[in-house]
Amino acid sequence: MSVKTISGNLLFWKISTVFASLLLVLALVFVLIGSRFSKTYYMAAHQQLYGDIAGHLATFTQPIKNGRPDTTVTHDIIHSTMVANPSVEVYLLDTLGNITDYVVPEATVHMKKVDMNNVHEWLAADDNHRPLGDNPKHKGEASIFSAAPVLENGKLAGYVYAVLASEKQQEILGSLNSDLNFRLALYIFFAALLGAFVVGIVTFFLITDSICSIAAVVKRFQDGDYSARIHGYAKGNLGVLTSTFNEMADVIVQNFEKITATDRFRQELIANVSHDLRTPLSIMQGYAETLAIKRETLSGPETERYLSIVLEGTKKLSVLVDQLFQYSKLESNVVEPQKELFPIGELVSDILSAYQLKAEQRNIRLKLDTSGILPAVFADIGLTERIFQNLLDNAFKFTPDGGQILIALSEAGDGVRIRVEDTGVGIAKEYQEQIFERYKQADLQAASAKGVGLGLAIVRKILELHQSSIRVFSEQGNGAAFEFVLFSR
């Protein structure tokens, strides 16, 4: 048996059990209510059928003579009435409600007097609103009754008081009610069980049909159809399942796209790095082999020139490897900036001093332009220095001898705006969107054989760690300017 079948059966039995329990509780409540109302209905019906019996006895038997019960005349009639209708018990009362005579075993009568307020209320009420009264055989138990005044010579001599629910009647009703309740409960039990089964089947079908539809969409997604989404179940628990799956599918697709893009970048990076490594390595290998083969025939100046070429190649390789290492750390989010407040002007002055000799060798003017008193910036000093180094290296690559490189610092609200500007060859519009992307040198080789490597991509990554961004302003042949902001907090 599969897991799906087991889960379906468990769901079916859970639903069926819940509905069966609910219907059984309702059945029990119905039995209790039915039993109560059947008893009330019987009492009301009995009151209507036999409510006049006391009036008939008082009118046709004259049970009181000379102020005393006439037992010789009335006992036989009352006894016959009780034999004909065992549910009736007849008592004679005086005007104060004292029981003066009855035709029942004396040992079973536990009251000597009945409450006359109920008798007066009964006589004044209509047939549909008769009150309950005392039951002399059961003190404190209310019962349906019939009452009528007995007149002698036009004067009130007493009352005929007939209890319409005798012990015999209660025994019969108790037995009938027990049988009725048992049969009613039995019938309702099976009806409830059948109803629960039918409702469970229908509900199970409706729920599992929706689940099967959702499962089919999930299976399509599992089989590679990443556009598969669940539609049509926007509400309830299935709505939560639908939205959760759709959101999960979107996240998975996004992750796939990121993984694909990362893999594509890795392939491009390997190809580009291989190209950049191959060129200096080939040159270094060629000159090293020449030195090894012709070391005895080469003149001193030639040997020095070959060695300088090999040395220059090693420097280029060192820079490239350093860039790759730095960018890989930034890309993998393992670099945690150690931010602190420091004066940006002093740092820029120190960096320009380090580039001064290089600038003099190429007759390039280095300028620092600061306007007013600048606030301190809150940044990582080492990473900030790397930003300026990469931007200056990039400016030196593209600025011809005799050109100018300017670093301008100005206040920008809650930070300092920095602009690095050169008079180089500039960047064409179609390449300006690419220069900050990961290793786009191959795309830019058409613009310049010198390339831009990973320097600008590293700059953007570092600025992202400082919650900032960089922009480029350039036209082909008119130099380039890079601008960003470092914040004070």
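1. Start with the four-stranded sheet. This is a predicted model, and in it four strands make an open sheet in the order S4-S3-S8-S7. The pairing is antiparallel. Strand S4 (99-102) and strand S7 (145-152) are the edges; each has a single partner strand, so one side of each has no neighbour in the sheet. Neighbouring strands are turned by 25° against each other on average, direction ignored.

2. Look next at the S3-S4 pairing. Strand S3 (residues 89-93) and S4 are antiparallel and share three bridges. Leu93 stands opposite Ile99 in S4.

3. Helix H2 (residues 53-60) lies across S3, S7 and strand S8 (155-163). H2 runs at about 20° to S7. Helix H4 (residues 116-124) also lies across S3, S7 and S8, but its angle to S7 is about 90°.

4. Ser143 deserves a check. Is Ser143 buried or exposed? Its relative accessible area is 3%, under the 20% cut-off, so Ser143 counts as buried. Ser143 sits in strand S6 (residues 138-143). Leaving aside neighbours within four places in sequence, Ser143 is in contact with Leu132, Gly133, Asn135, Val163 and Ala165.

5. Now the five-stranded sheet. This open sheet has the order S10-S12-S13-S15-S14, and its pairing is mixed. Strand S10 (365-370) and strand S14 (470-474) are the edge strands, each pairing on one side only.

6. Strand S15 has two partners to inspect. S14 and strand S15 (residues 480-487) pair in the antiparallel sense over five bridges. Arg471 is placed opposite Glu483 in S15, and Ile470 has Phe484 as its bridge partner. S13 and S15 are also antiparallel, over eight bridges. In that region, Gly415 stands opposite Phe487 in S15. How many of the eight residues of S15 are buried? Seven are, and the strand is mostly covered.

7. The S14-S15 turn is worth a look. The two strands form a hairpin with five residues between them. Gly477 in the turn has a positive phi of about 90°.

8. Helix H9 ties in with this sheet. H9 (residues 381-398) lies across S10, strand S12 (404-411), strand S13 (415-422), S14 and S15. Its angle to S15 is about 175°.

9. H9 also meets helix H8 (residues 344-361). Their axes come within 11 Å and cross at roughly 35°. The crossing is right-handed. From H8, the contact residues include Ile344, Leu347, Val348 and Ile351. From H9, they include Ile381, Thr384, Glu385 and Phe388. By class, the residues of this contact divide into 11 nonpolar, two polar and three charged.

10. Which residues have the most contacts inside the largest nonpolar core? They are Ile344, Leu391, Ile407, Ile418, Phe482 and Phe484, in a core of 46 residues. In soluble globular proteins, nonpolar side chains tend to be buried together. Take Ile418 as an example. Leaving aside neighbours within four places in sequence, Ile418 is in contact with Ile344, Phe388, Ile407, Ala408, Leu409, Phe482, Glu483, Phe484 and Leu486.

11. One more helix pair belongs on the list. Helix H7 (residues 300-331) and helix H12 (residues 455-465) pack at about 35°, with their axes 10 Å apart. H7 passes H12 in a left-handed crossing. H7 contributes Gln323, Gln326, Tyr327, Leu330 and Glu331 to the contact. H12 contributes Gly455, Ala457, Ile458, Lys461, Ile462 and Leu465. By class, there are six nonpolar, three polar and two charged residues.

12. Last, the overall tallies. The protein has 12 helices and 15 strands. Of its 489 residues, 37% count as buried. Among contacts between residues at least 6 apart in sequence, 66% join residues at least 24 apart.

Definitions and conventions:
Residues numbered from 1 in each chain as written. Predicted model: local features only at pLDDT ≥ 70, side-chain atom pairs only at ≥ 80, totals over all residues. Heavy atoms only, no water. Pairing = 2+ DSSP bridges. Contact = heavy atoms within 4.5 Å. Axes fitted to C-alpha atoms, helices over the stretch in contact; angles between N-to-C directions. Core = buried A, V, L, I, M, F, W, Y, C linked by side-chain atoms within 4.5 Å. Buried < 20%, exposed > 50% of the residue type's maximum accessible area, 1.4 Å probe, protein only. Left-handed = near helix turned anticlockwise from the far one by under 90°. Nonpolar A, V, L, I, M, F, W, Y, C, P; charged D, E, K, R; others polar.
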